[in-house]
Amino acid sequence: MDIKICGLKTPEIVAAVINQGASHIGFIFFPKSPRHVQPEVAATLAQAARGKAKIVAVTVDADDALLEDIVSTLKPDILQLHGHESVARVQTVKERYGVPVIKAFSVREAADLDAALAYVGVADRLLFDARAPKGSELPGGNGVSFDWTLLARLDGSIDYMLSGGLNAENVAAALAQTAPAGLDVSSGVESAPGVKDETRIAAFFEAVRKARI
Ligand SMILES: O=C(O)c1ccccc1N[C@@H]1O[C@H](COP(=O)(O)O)[C@@H](O)[C@H]1O
């Protein structure tokens, strides 16, 4: 199972998540986020992880100038589009930058999943996150979950990652109700917004291992 730890900001945490066996690490390029980093900083942090985990650049309705800067500076393995990017925009981004795309969707009700189906075959992978709480300026990284049972309506052949409020305490329940190809976590392995915690990271990986025995 793929595990992506998102919102990394320090070399110590990059080393910790690689040691735990993360398949993906994510860098956030969204100034309103407490996890925001500049492309140059992400590129330096990514050096220790390249070839060991996929490097994911997370953007929100980014324009071409920002994507060009990120792609040329960080050289990500994957772009995660976490805004309202259309099917056409996802297709264009893939073609223009030659990088696989994870398209994120905010889920609160069944209709949100139906809307995501239009991206199957265009995005390389879908990612289901919770709808942001009212008042939040972040489309992701809010530490809130959605009703996982909604995912039962998906065709089993759809490749998706699950995110939204996952942590060591609830990941076993999430895996009992869903069948994702991967998990994506940010707030659930932090001690404060934007501050990753090695003990919580280790506990998350341990909980996933236990749940999958
Ligand atoms: O983490 C952020 O700050 C963020 C900002 C803007 C877009 C996406 C963001 N993170 C994504 O949100 C989910 C994880 O959220 P959670 O904190 O575990 O609930 C994950 O997909 C991140 O890539």
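**Reading the ligand shell and a helix pair**

Mentor: Of the 28 residues around the ligand, those that come nearest are Ser-33, Gly-140, Gly-141, Ser-186 and Ser-187; a residue is near a molecule if its C-beta atom, placed from the backbone, lies within 6 Å of it. Two or more residues of this shell come from each of β2 (24–29), β6 (125–130) and β8 (182–185), strands being DSSP runs of E of at least two residues, and helices runs of H or I of at least four, numbered from the N terminus. This is a predicted model, in which local features need pLDDT of at least 70, side-chain atom pairs count only at pLDDT 80 or more, and totals for chains, interfaces and linings use all residues. Residues are numbered from 1 along each chain as its sequence is written.

Trainee: How many nonpolar, polar and charged residues does the shell around the ligand have?

Mentor: Ala, Val, Leu, Ile, Met, Phe, Trp, Tyr, Cys and Pro count as nonpolar, Asp, Glu, Lys and Arg as charged, and the others, Gly among them, as polar. The shell has 11 nonpolar, 14 polar and three charged residues.

Trainee: At what angle do the axes of helix α1 and helix α7 cross?

Mentor: Axes are lines fitted to C-alpha atoms, for helices over the stretch in contact, with angles from 0 to 180 degrees between N-to-C directions. Helix α1 (residues 11–20) and helix α7 (residues 198–211) have axes that come within 10 Å and cross at roughly 20 degrees. The two helices are therefore roughly parallel to each other, a term for angles under 35 degrees.

Trainee: What scores does the predictor give the complex?

Mentor: The complex has an ipTM of 0.98 and a pTM of 0.97.

Methods: Parallel < 35°, antiparallel > 145°, perpendicular 65-115°, else oblique.
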